[in-house]
Amino acid sequence: METRGERSVRVFSEAVTTGDLEAALEVCHPDIEFMSVLAVSGRRYRGHSGIREYFEDVASAWAEWRVEVHRIAPGPDGRVAIVMSMHVRGKESGATLSEQTDHIWTLKDGLLLRNEPHRMPGEVLRELGLEP
């Protein structure tokens with residue numbers, strides 16, 4: 001059975017793909033700090049206003065932004081790992097890029113509070129003690 005934390009991570013990744021800001025905000029803690037590997041600004045997005053800015057940045061730069069989830073797994077300490085690939089297509093250039101970027105999410109009250117992006121495959125699962 002899916003935990004509340006796993007659900008929040010899944011809903012957020014689906015919301016990014018569909019551009020559903022309201023669904024994303026429903027699973028974000030008001031004090032969220034979010035860092036996107038391919039974000040336009042290169043900074044952390046803070047609070048619900050930051051998530052709104054993130055969605056605006058994505059829409060301004062990318063014609064397509066799709067998250068492909070490979071695995072979502074809760075760690076024994078309450079954090080949640082997501083193993084995923086991002087697939088994007090530039091709005092002006094049409095250039096495409098696909099990249100695996102995994103994250104570890106810290107949650108508060110079942111809501112997304114802070115993420116740690118990782119570029120090395122498998123790193124998040126090892127860090128949470130889910131794989132050797």
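Reader: Is Asp109 buried or exposed?
Author: Asp109 counts as exposed, because its relative accessibility is 55% and the cut-off for exposed is over 50%. Keep in mind that this is a predicted model.

Reader: Okay, and where is Asp109 found?
Author: Asp109 sits in the loop between β6 (102–108) and β7. Its phi is near 55 degrees, which is a positive value in a residue other than glycine.

Reader: Which glycine comes after helix α1, and what about its phi?
Author: That's Gly19, which follows α1 and has a positive phi, near 75 degrees. Gly94 also has a positive phi, of about 75 degrees, and Gly94 is in the turn of the hairpin formed by β4 and β5.

Reader: How many residues lie between the two strands of that hairpin?
Author: There are 5 residues between β4 and β5. The two strands, β4 (residues 80–90) and β5 (residues 96–100), pair in the antiparallel sense over 5 bridges. If you want a spot to look at, find Arg89, which stands opposite Thr96 in β5.

Reader: Back to α1. What span should helix α1 have?
Author: Helix α1 (residues 4–18) has 15 residues, so at 1.5 Å a residue it should span 21 Å. Its end C-alpha atoms are 21 Å apart, which agrees.

Reader: And which residues are buried in α1?
Author: Quite a list: Gly5, Glu6, Ser8, Val9, Val11, Phe12, Ser13, Ala15 and Val16 are buried there.

Reader: Phe12 is an aromatic one. Which aromatic cluster does Phe12 form part of?
Author: Phe12 belongs to one aromatic cluster with Phe34, Tyr45, Tyr54, Phe55, Trp62, Trp65 and Trp105.

Reader: How many aromatic pairs does the structure hold?
Author: It holds 8 aromatic pairs. One of them is Tyr54 with Phe55, an edge-to-face pair at 5.7 Å centre to centre, with 85 degrees between the planes. Both Tyr54 and Phe55 are buried.

Reader: Why is the pair of Tyr54 and Trp65 edge-to-face?
Author: The planes of the Tyr54 and Trp65 rings are at 85 degrees, so the pair is edge-to-face, given that the cut-off for this is over 60. The ring centres are 6.3 Å apart.

Reader: Which parts of the chain does that pair link?
Author: The pair links distant parts: Tyr54 is in helix α3 (residues 47–61) and Trp65 is in strand β3 (residues 62–74), 11 residues apart.

Reader: New topic: where is the place of Arg44?
Author: Arg44 is in the loop between β1 (28–34) and β2 (45–46). Arg44 is buried yet has no salt bridge.

Reader: Which side chain of opposite charge is nearest to Arg44?
Author: That's Glu33, 4.2 Å away. A salt bridge has to be within 4 Å.

Reader: What does the side chain of Arg44 reach, then?
Author: It reaches the backbone oxygen of Asn115 at 3.0 Å. A polar atom of the Arg44 side chain also lies 3.3 Å from the backbone oxygen of Glu33.

Reader: Which residue is the bridge partner of Glu33 in β2?
Author: That partner is Arg46. β1 and β2 pair in the antiparallel sense over 2 bridges.

Reader: In what sense do β1 and β7 pair?
Author: β1 and strand β7 (residues 111–118) pair in the parallel sense, over 2 bridges. There, Cys28 has Leu112 in β7 as its bridge partner.

How values were computed. Residues are numbered from 1 along each chain as its sequence is written. This is a predicted model: local features need pLDDT of at least 70, side-chain atom pairs count only at pLDDT 80 or more; totals for chains, interfaces and linings use all residues. Side-chain values use heavy atoms; hydrogens and water are left out. Two strands pair if DSSP finds at least two bridges between them. Helices (H or I, at least four residues) and strands (E, at least two) are DSSP runs, numbered from the N terminus. Rings of Phe, Tyr and Trp (its six-membered ring) pair if their centres lie within 6.5 Å; planes under 30 degrees apart count as stacked, over 60 as edge-to-face and the rest as tilted. Buried means under 20% relative accessible area, exposed over 50%, partly exposed in between (1.4 Å probe, protein chains only). The expected span of a helix is 1.5 Å times one less than its number of residues. Lys and Arg count as positive and Asp and Glu as negative; His and the chain ends are not counted. A polar contact is a pair of N or O atoms within 3.5 Å; within protein, one must be able to donate a hydrogen and the other to accept it, and residues adjacent in sequence count only if both atoms are side-chain atoms.
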